[in-house]
Amino acid sequence: MVASHEARLSAMPDLLQRLLGQPLLPLTKARLPDTEALYLFYHDEEPILVGSPPHIDEVRTLSPSVRLAQTVSTGGLGLADVSTRDHAPPPMAARWLRLNDEEDRVMLELYTAQALGLSVSHPRIRAGLAG
């Protein structure tokens with residue numbers, strides 16, 4: 001068991017490089033293309049989240065949302081003229097690496113989060129980090 005754990009751990013740097021070498025693709029659907037993969041999500045080309053289904057909130061992460069911008073200008077009578085504009089955010093982008101083994105996905109999630117300074121999505125990791 002220890003040898004298996006050590007072998008998995010020693011594979012993490014290579015798996016992280018493979019993940020980072022994947023193309024950065026926009027995700028515009030409210031579901032992830034591969035449920036057996038670890039995802040590294042980006043906003044403005046900066047990594048922001050690492051996780052794998054079903055532990056990441058796919059709808060919140062991927063579904064288009066509407067942002068309201070308010071423009072306030074003073075009208076002729078001293079009244080505020082408030083108008084709103086809908087701004088769709090740019091599509092979420094991600095790199096992902098298919099890993100059939102859940103233990104490999106969990107270990108790579110933790111390794112990637114530590115290497116890039118990101119938060120994690122897996123409940124088991126969160127519980128372990130919380131003490």
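Two residues are in contact when heavy atoms of theirs lie within 4.5 Å. With that in hand, here is a friendly tour of a predicted model, in which local features need pLDDT of at least 70, side-chain atom pairs count only at pLDDT 80 or more, and totals for chains, interfaces and linings use all residues. Residues are numbered from 1 along each chain as its sequence is written, and side-chain values use heavy atoms, with hydrogens and water left out.

**Overall make-up**

- The protein has 4 helices and 6 strands; helices (H or I, at least four residues) and strands (E, at least two) are DSSP runs, numbered from the N terminus.
- Reading from the N terminus, the order of elements is α-β-β-β-α-β-β-β-α-α.
- Of the 131 residues in the protein, 31% are buried, where buried means under 20% relative accessible area, exposed over 50%, and partly exposed in between (1.4 Å probe, protein chains only).
- Among contacts between residues at least 6 apart in sequence, 60% join residues at least 24 apart.

- An open sheet is formed by 4 strands in the order β1-β6-β2-β3, with antiparallel pairing; two strands pair if DSSP finds at least two bridges between them.
- Its edge strands, each pairing on one side only, are β1 (25–27) and β3 (46–51).
- Neighbouring strands of this sheet are turned by 40 degrees against each other on average, direction ignored.
- Strand β1 runs antiparallel to β6 (residues 92–98), and 3 bridges join the two.
- Leu25 stands opposite Ala94 in β6.
- Helix α3 packs on the sheet and touches β2, β3 and β6, its direction making about 25 degrees with that of β2; axes are lines fitted to C-alpha atoms, for helices over the stretch in contact, and angles run from 0 to 180 degrees between N-to-C directions.

**Ala37 in strand β2**

- Ala37 belongs to strand β2 (residues 37–43) and is buried, with a relative accessible area of 0%.
- Not counting residues up to four places away in sequence, Ala37 touches Gly51, Ser52, Pro53, Trp96, Leu97, Arg98, Leu99 and Arg105.
- Ala37 and Pro53 are 16 residues apart along the chain, and their C-alpha atoms are separated by 7.6 Å.

**Helix α3, end to end**

- The 15 residues of α3 (residues 102–116) should span 21 Å at 1.5 Å a residue, and the end C-alpha atoms are 21 Å apart, which agrees; the expected span is 1.5 Å times one less than the number of residues.
- At the start of α3, a side-chain oxygen of Asp101 comes within 2.8 Å of the backbone nitrogen of Glu103.
- Just after α3, Gly117 has a positive phi of about 70 degrees.
- The buried residues of α3 are Arg105, Val106, Met107, Leu108, Glu109, Thr112 and Ala113.

- Val106 is buried, with a relative accessible area of 7%.
- The C-alpha atoms of Val106 and Leu38 are separated by 8.5 Å, although the two are 68 residues apart along the chain.
- Thr112 is buried too, at a relative accessible area of 0%.
- A polar atom of the Thr112 side chain lies 2.8 Å from the backbone oxygen of Leu108.
- Beyond its neighbours within four places in sequence, Thr112 is in contact with Leu16, Leu19, Leu38, Leu40, Val50 and Gly117.

Methods. A polar contact is a pair of N or O atoms within 3.5 Å; within protein, one must be able to donate a hydrogen and the other to accept it, and residues adjacent in sequence count only if both atoms are side-chain atoms.
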